[in-house]
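Dear colleague,

Please find below the structure for your review. My notes on it follow directly after.

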Amino acid sequence: MTQLHEAAPTPATSTPVLEARGLTKHFTVHGARRGRAALPRLGRRGQAAGRGGLVVHAVEDVSLALDEARVTAVVGESGSGKSTLARLLCRLIKPTAGELLLSGDPVPRSGRGRREYARQVQMVLQDPFSSLNPVHEVRYHLARPLQVHGLEEPGRSLDDAIAGLLERVALAPADQFLRKYPHELSGGQRQRVAIARALAVRPRVLLADEPVSMLDVSIRLGILNLLGDLRDRERLAILYITHDIASARYLADTIVVMYAGQVVESGPARTVTDQPAHPYTQLLLSAAPDPERDGPPALDGRGAPPSLVTPPPGCRFHPRCPHAMAVCATSAPPAFEEAAGHVSACWLQARDLTAAQASPLASRGDGNTSPDDTSSNDEPGGGDDVSPDTR
Amino acid sequence: MSVPAGHPLLEVRGLCADYGAGPDAVHAVIGADLVLQSGEVLGLAGESGSGKSTLAYAITRLLRAPGMITGGSVGYYPRPGTAVDLLSAEEGTLRVLRWSQISVVMQSAMNALNPVLSIGAQLTDVLRAHRPDLSKAARRARAAGLLAMVGITADRLDSHPHELSGGMRQRVMIAMALALEPQVVIMDEPTTALDVVTQREILQELMELRERLGFAVLFITHDLSLLIEIADSIAVMYAGRLVERAAAKALFRAPRHPYTLGLLSSFPALHGPRRHLTGIPGSPPDLRRLPSGCVFHPRCSYVMDRCRTDAPALLPLAATGDGLSSVPRAAACWLQDGSAPPPPELAAAPDLAGSQS
């Protein structure tokens with residue numbers, strides 16, 4: 001076994017390939033017709049947002065930079081907004097506020113500009129069983145992006161280009177796979193085809209949304225290692241979205257932890273997992289499976305994420321937080337810099353709080369007694385994609 | 001977690017289950033041997049298609065056509081000395097045993113709960129069928145008590161499944177499974193669809209309930225790293241066969257089968273230096289076209305000539321100092337047949353006796 005490199009040699013001063021500034025996405029919940037049945041117990045507060053409609057605050061003021069040859073992991077539970085963030089980054093949905101910068105330039109709105117953006121920023125989805133078209137062969141899946149983006153090279157046949165792609169994702173010999181249909185491939189091979197399809201247009205950014213969670217345990221690592229190889233060999237900027245903080249620690253250079261649509265902590269992967277600063281990161285780590293652990297973990301701050309229609313005022317984690325102070329209930333914490341590059345949005349890191357601000361939050365009930373706080377649960381399924389306006 | 005002293009509660013011997021019949025039959029479980037002790041948590045680990053769910057359904061005789069049991073025996077011992085052969089039992093006997101003695105928590109709580117009935121109706125339905133002497137008020141009180149046991153307030157009795165979060169639905173499933181105080185609870189991936197924090201909360205509650213009520217759990221999951229934390233002993237399945245059986249910590253510290261070793265090194269660690277992990281090359285075999293000899297040999301890095309032709313049996317391993325006599329170890333691997341010392345990473349750990357006692 002070899003030690004993995006700890007810090008990628010990218011200089012911090014270079015322009016990020018893709019940068020998001022203050023990205024915000026609010027989904028409007030349309031109509032009382034469906035709303036009344038689906039959202040049975042909403043208080044009047046939820047109705048406040050414009051023209052009687054409800055708003056799901058899915059992603060709130062997220063800034064993120066994806067650097068060349070780096071893997072950035074976004075870790076969070078379902079409903080934390082991590083998939084919405086990925087869809088914002090590849091411009092599948094329009095942000096409510098905030099901007100995207102590709103190589104430092106604002107993203108053009110023209111059709112040509114959009115296509116160029118799509119070429120440079122590619123996505124790999126969670127489920128390779130549904131992201132590949134069952135009626136087409138592997139060859140078709142890889143030929144289409146080349147044709148659509150006009151990337152056929154004059155001196156080289158399409159089949160050669162496709163074989164090269166399959167080789168890059170370690171599907172060899174290529175001619176064994178060209179004529180196969182998705183159902184003839186194993187889950188791992190399918191995900192490799194999906195990655196090859198993304199690579200076909202020579203992107204600079206790969207957005208991988210839970211790329212291994214549908215795969216068998218024994219083949220997950222193969223895909224993670226492939227992503228790591230692509231970072232090192234092809235200098236791709238990779239966004240790795242996951243709920244598994246251990247795999248983020250394994251693969252990523254930077255970890256961004258999201259909770260209820262906001263970034264609560266970010267920093268170098270090992271720093272975030274080994275010295276977590278935010279109570280929510282600590283909770284995630286204590287809940288993660290760990291064979292080395294003796295006895296049950298503490299689970300400080302158990303409970304369920306809040307409703308994103310009526311997020312709690314102040315810090316969104318404060319109703320569950322074991323360290324909640326008076327200030328946490330009233331004002332949202334800014335990002336405090338722990339160390340170089342390690343940022344945590346938590347009032348515990350503030351050094352100039354008054355005694356009143358720092359007093360323990362008295363009104364907070366004992367969050368440990370009610371396992372799932374359902375008084376405000378508007379999405380019983382806890383689905384990742386709360387997007388009522390896209391149906 | 002200590003291994004509680006107990007008597008064998010469920011004894012599975014040579015269980016085989018097929019899907020389909022004739023030459024096209026898929027052998028989903030082949031010759032499974034398992035013993036569930038009273039009060040213990042027995043983990044069954046394996047990837048999708050390894051036959052772990054089929055095994056659980058075969059044990060409870062819930063396997064539906066085209067699945068069928070083709071051999072073996074399942075003994076259930078409610079008390080030492082009394083035995084029921086579940087495979088030959090009449091439907092009437094099974095009706096009495098199921099739920100009141102052996103209950104099942106299904107993987108998908110949303111599909112297992114009836115969407116048009118309230119939680120209370122579903123909980124009291126169980127009681128009405130199995131405890132006819134209870135009055136309506138007593139049934140409702142018991143249902144409220146069951147919900148309280150899993151941390152749900154009684155006002156949720158009138159809620160329908162869609163009004164509950166995923167975690168709460170799974171809690172309701174657990175409360176239902178425990179309604180008649182069974183001795184054995186079979187859990188098929190009970191927390192897989194849940195978030196890590198909710199998963200952990202439910203597991204902790206489950207372990208507390210087990211301490212209190214003393215039931216035994218057959219816990220089925222693909223997440224070996226989780227199983228090592230919560231199970232007393234673990235059986236690992238691959239392509240329908242049990243390949244290794246051991247106490248949980250012993251399995252973690254000193255796996256004896258190359259597949260177990262590969263699985264363990266498929267989970268990145270939460271501590272220590274980051275190491276490059278390789279997982280297991282290849283993918284799980286197609287059960288319709290199984291490799292010859294040992295089914296794992298095409299993916300095994302220790303493969304020998306013998307592995308390609310002869311299938312190894314799950315044989316008990318000599319108690320080489322793992323100090324856990326209550327959970328005998330067994331592995332199905334030619335490396336462990338005693339003819340030659342196994343490679344160091346698959347050998348018994350000499351210091352295990354000290355660290356376990």
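**Contact between chains A and B**

In this predicted model, 42 residues of chain B are in contact with 45 residues of chain A. On the side of chain B that touches chain A, the elements giving two or more residues are helix H6 (166-177), helix H7 (196-213), helix H8 (224-230) and helix H10 (258-264) of chain B. The most comes from H7(B), which gives six residues. Sorted by class, this side of chain B has 17 nonpolar, 16 polar and nine charged residues.

**Helix H7 of chain B**

H7(B) consists of 18 residues and reaches 25 Å from its first C-alpha to its last, close to the 26 Å expected at 1.5 Å a residue. Its buried residues are B:Val196, B:Val197, B:Thr198, B:Gln199, B:Arg200, B:Glu201, B:Ile202, B:Leu203 and B:Leu206. These buried residues pack against H6 and H8 of chain B, together with helix H12 (279-287) of chain A. After H7(B) comes B:Gly214, with a positive phi near 75 degrees.

**Domains of chain A**

The domain assignment divides chain A into domain 1 (18-39 + 52-103 + 204-390) and domain 2 (131-202). Nine residues from domain 1 of chain A and eight residues from domain 2 of chain A take part in the contact between them. On the domain 1 side, the largest share, four residues, comes from helix H9 (residues 217-234) of chain A. The residues on that side of domain 1 comprise seven nonpolar, one polar and one charged.

With kind regards

Technical notes:
Residues numbered from 1 in each chain as written. Chains lettered and ligands numbered in written order. Predicted model: local features only at pLDDT ≥ 70, side-chain atom pairs only at ≥ 80, totals over all residues. Domains from an automatic or database assignment. Contact = placed C-beta atoms within 7 Å. Nonpolar A, V, L, I, M, F, W, Y, C, P; charged D, E, K, R; others polar. Expected span 1.5 Å × (residues − 1). Buried ≥ 20, exposed ≤ 12 C-beta atoms within 10 Å, placed from the backbone.
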